[in-house]
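Okay, let's get going. Have a look at the sequence and the structure on the screen, and I'll talk you through a few spots in it.

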Amino acid sequence: MKTIIFEGIDKVGKTTTIKRLSKSLEDEGYKIVKLNLPFELSKMDGELINARLKMSTQNILQLNTFLNDDYVCLIDRHHLSENVFGSFFGRKHNRFLCNCIDYKMKFINGLLVYIEPDNCLNNFNKFKKDGRLDGFNYKEYKYLYQQFNKEFDNSVMNKIKTSTSKLPLLDNR
């Protein structure tokens, strides 16, 4: 099984990319497994998030053991998001756990795809409502963007950094 984790700040096209990539891969004969951690990051307890990260990582490792190369697992946000948002919200989160997950994903040849906005301010202005984007003001949004860049740079996984304009899957097909 091939495992691809998509990370990045809000509204850069992670979910859209996963939907379109999923369709393309299915058209080529692959079987798709989609996972995400659908939690409200600002409202969830750090221990609960750690438990969900552990469970999802175990699921990925088990799927990797049992599924052949006909399968591709596409993951919308994972451990890098927790490092960024956990720190931002001052939540007790387990950085060591997230780093261990990073090594486990490397061990199974997981691929980390970091999607960054072409222009942080333009992206913020495009999607903001009442001066905020998903609850963040521009200063906070830019800070999160910078933190994602640091987390990406520190990851040991096989990785690709791209931006919304460089994604061929975001054309209008």
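This is a predicted model: local features need pLDDT of at least 70, side-chain atom pairs count only at pLDDT 80 or more; totals for chains, interfaces and linings use all residues.

Residues are numbered from 1 along each chain as its sequence is written, and side-chain values use heavy atoms, with hydrogens and water left out.

So, the overall layout. The protein chain has six helices and five strands, and from the N terminus on they run β-α-β-α-β-α-α-β-α-α-β. Of its 173 residues, 48% are buried; buried means under 20% relative accessible area, exposed over 50%, and partly exposed in between, with a 1.4 Å probe and protein chains only. The chain exposes about 9,400 Å², and carbon and sulfur atoms supply 50% of that. Those areas come from the Shrake-Rupley method with a 1.4 Å probe, and for residues, only the protein chains shown count as cover. Contact here means heavy atoms within 4.5 Å. Among contacts with a separation of 6 or more, residues 24 or more positions apart account for 77%.

Now the charges. How many salt bridges does a search of the whole structure find? Three, with a salt bridge being a side-chain nitrogen of Lys or Arg within 4 Å of a carboxyl oxygen of Asp or Glu.

Take D10 and R77: their closest N and O atoms are 2.4 Å apart. This pair ties together distant parts of the chain, with D10 in the loop between β1 (2–7) and α1 (14–27), and R77 in the loop between β3 (71–76) and α3 (79–88), 67 residues apart. Buried or exposed, what is D10? D10 counts as buried, because its relative accessibility is 12%. R77 is buried as well, at 14%.

Then there's D27 with K23, at 2.9 Å, N to O. These two are four residues apart in helix α1, so about one helical turn separates them. D27 counts as exposed at 57% relative accessibility, while K23 is partly exposed at 48%.

And R132 meets E140 in a salt bridge at 3.5 Å, N to O. R132 is partly exposed, with a relative accessible area of 35%, and E140 is partly exposed too, with 23%.

K14 is buried yet has no salt bridge, and the nearest side chain of opposite charge, D10, is 4.8 Å away. For that count, Lys and Arg are positive and Asp and Glu negative; His and the chain ends are not counted. What does lie 3.2 Å from a polar atom of the K14 side chain? That's the backbone oxygen of G8. Leaving out residues up to four places away in sequence, K14 touches F6, E7, G8, I9, D76, R77 and I115.

Next stop, helix α5, residues 120–127: its buried residues are C120, N123 and F124. Looking down the axis of α5, they fall within an arc of 100°, so they line one face of the helix; the arc is that of the directions from the helix axis to the C-beta atoms. Helix α6 (138–154) is included in what covers them. At the N-terminal end, N119 caps α5, with a side-chain oxygen 3.0 Å from the backbone nitrogen of L121. In the loop between α5 and α6 you'll find G131, which is partly exposed, with a relative accessible area of 39%. Setting aside neighbours within four places in sequence, G131 is in contact with F124, F136 and N137.

Last one: D102, in helix α4 (residues 95–107). D102 counts as buried, at 6% relative accessibility. Which side chain does D102 join through a polar contact of 2.8 Å? It's H79. A polar contact is a pair of N or O atoms within 3.5 Å; within protein, one must be able to donate a hydrogen and the other to accept it, and residues adjacent in sequence count only if both atoms are side-chain atoms. Beyond four places in sequence, D102 touches H79, L80, N154, S155, V156 and M157.
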